[in-house]
Amino acid sequence: RHLGASQFGSLNYALAIFGILSPLTYLGLTSIFIKDLVEYPNRYDTLMGSVFFLKIIGSIFIVISFSMISYVYIDNTDVRDLVWILSFSSFFDSFGVIGYWYLANARSKYFAIASILAATVSSITKIIFVYLNKSLVWFGFATATQVIFLSIFLIVVYSVQNNSIINWKISFNYSLDLIRKSWPLAVSAFFALIYLKIDQVMLG
């Protein structure tokens with residue numbers, strides 16, 4: 001109601017574009033990565049470091065793709081800013097590997113608590129922005145804060161339990177093996193999201 005039909009549509013348009021390209025940050029890794037964490041618990045530092053590296057590479061590709069799309073196809077400045085904000089939030093989403101580690105170790109309550117706290121903070125931020133009568137771009141930032149705060153909460157919980165992201169290691173052999181195994185899943189997820197989101201993009 002605060003944004004109105006036009007601005008709310010612009011926000012959904014930016015979210016739809018981001019949703020179509022988001023599989024490029026996951027690269028279909030989730031199920032394979034969790035399976036490997038269960039099978040090789042003693043190698044979790046190497047597994048997590050490698051997947052984190054791949055997700056960072058995917059985030060860089062998303063930022064480049066969004067830059068090209070926004071300057072070639074998007075004339076609306078607000079939508080362009082929203083796309084930029086959402087694309088940069090994908091870097092923080094790379095820390096989601098910590099959540100996968102909790103899922104693999106049957107300790108999903110920590111991931112669930114972090115997710116609930118992040119969603120709560122994001123919702124409170126949006127309410128504050130409504131009260132302050134902020135513009136559309138601020139609500140794009142509020143949407144991105146959910147990913148940012150989820151990453152922060154996961155890092156804090158992970159560190160409190162005597163773990164450290166500094167100990168993560170990168171194995172290029174494992175990374176290449178993951179890409180070989182997961183690219184069909186990434187492609188299928190990409191086309192599935194195109195099927196689900198293309199109507200929002202066309203209407204936008």
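**Figure 1. Overview of the protein chain.** Among contacts in the protein chain between residues at least 6 apart in sequence, 83% link residues at least 24 apart. The model shown is predicted. The protein chain holds nine helices and zero strands. Its pattern along the sequence reads α-α-α-α-α-α-α-α-α. Of its 204 residues, 40% count as buried. The accessible surface of the chain comes to about 11200 Å². Carbon and sulfur atoms account for 68% of that surface.

**Figure 2. Helix α4 against helix α5.** Two packed helices are described by the angle between their axes and the distance between the axes. Helix α4 spans residues 44–73, and helix α5 spans residues 77–93. They pack at an angle of about 175°, with their axes 8 Å apart. An angle over 145 degrees counts as roughly antiparallel, so α4 is roughly antiparallel to α5. On the α4 side, the contact is made by Lys 55, Ile 56, Ser 59, Ile 60, Ile 62, Val 63, Phe 66, Ser 67, Ser 70 and Tyr 71. On the α5 side, it is made by Arg 80, Val 83, Trp 84, Ser 87, Phe 88, Ser 90, Phe 91 and Asp 93. By class, the contact of α4 with α5 has ten nonpolar, five polar and three charged residues.

**Figure 3. Ser 89 and its surroundings.** Ser 89 sits in helix α5. Ser 89 has a relative accessible area of 4% and is therefore buried. Leaving aside neighbours within four places in sequence, Ser 89 is in contact with Phe 18, Ala 144 and Val 147. Ser 89 and Thr 143 are 54 residues apart in sequence. In space, C-alpha to C-alpha, Ser 89 and Thr 143 are 9.5 Å apart.

**Figure 4. Helix α3 against helix α4.** The axes of α3 and α4 come within 10 Å. They cross at roughly 165°, so α3 and α4 are roughly antiparallel to each other. The crossing of α3 and α4 is right-handed. From α3, Phe 33, Asp 36 and Leu 37 make the contact. From α4, Tyr 44, Leu 47, Met 48 and Val 51 take part. The residues in the contact of α3 with α4 divide into six nonpolar, no polar and one charged.

**Figure 5. Helix α3 against helix α6.** Helix α3 covers residues 30–39, and helix α6 covers residues 97–104. Their axes come within 9 Å and cross at roughly 50°. The two helices α3 and α6 are therefore oblique to each other. α3 and α6 make a right-handed crossing. Thr 30, Phe 33, Ile 34, Leu 37 and Val 38 are the α3 residues in the contact. They meet Val 97, Tyr 100, Trp 101, Leu 103 and Ala 104 in α6. The contact of α3 with α6 has nine nonpolar, one polar and no charged residues.

Figure 6. Most residues other than glycine have a negative phi. Ala 106 lies in the loop between α6 and α7. With a relative accessible area of 73%, Ala 106 is exposed. Asn 133 lies in the loop between α7 and α8. At 60% relative accessibility, Asn 133 counts as exposed. Helix α7 spans residues 108–131, and helix α8 spans residues 136–160.

Terms used
Residues are numbered from 1 along each chain as its sequence is written. This is a predicted model: local features need pLDDT of at least 70, side-chain atom pairs count only at pLDDT 80 or more; totals for chains, interfaces and linings use all residues. Side-chain values use heavy atoms; hydrogens and water are left out. Axes are lines fitted to C-alpha atoms, for helices over the stretch in contact, and angles run from 0 to 180 degrees between N-to-C directions. Helices (H or I, at least four residues) and strands (E, at least two) are DSSP runs, numbered from the N terminus. Angles under 35 degrees count as roughly parallel, over 145 as roughly antiparallel, 65 to 115 as roughly perpendicular and the rest as oblique. A crossing is left-handed if the near helix is turned anticlockwise from the far one by less than a right angle, and right-handed if clockwise. Contact means heavy atoms within 4.5 Å. Ala, Val, Leu, Ile, Met, Phe, Trp, Tyr, Cys and Pro count as nonpolar, Asp, Glu, Lys and Arg as charged, and the others, Gly among them, as polar. Buried means under 20% relative accessible area, exposed over 50%, partly exposed in between (1.4 Å probe, protein chains only). Accessible areas come from the Shrake-Rupley method with a 1.4 Å probe; for residues, only the protein chains shown count as cover.
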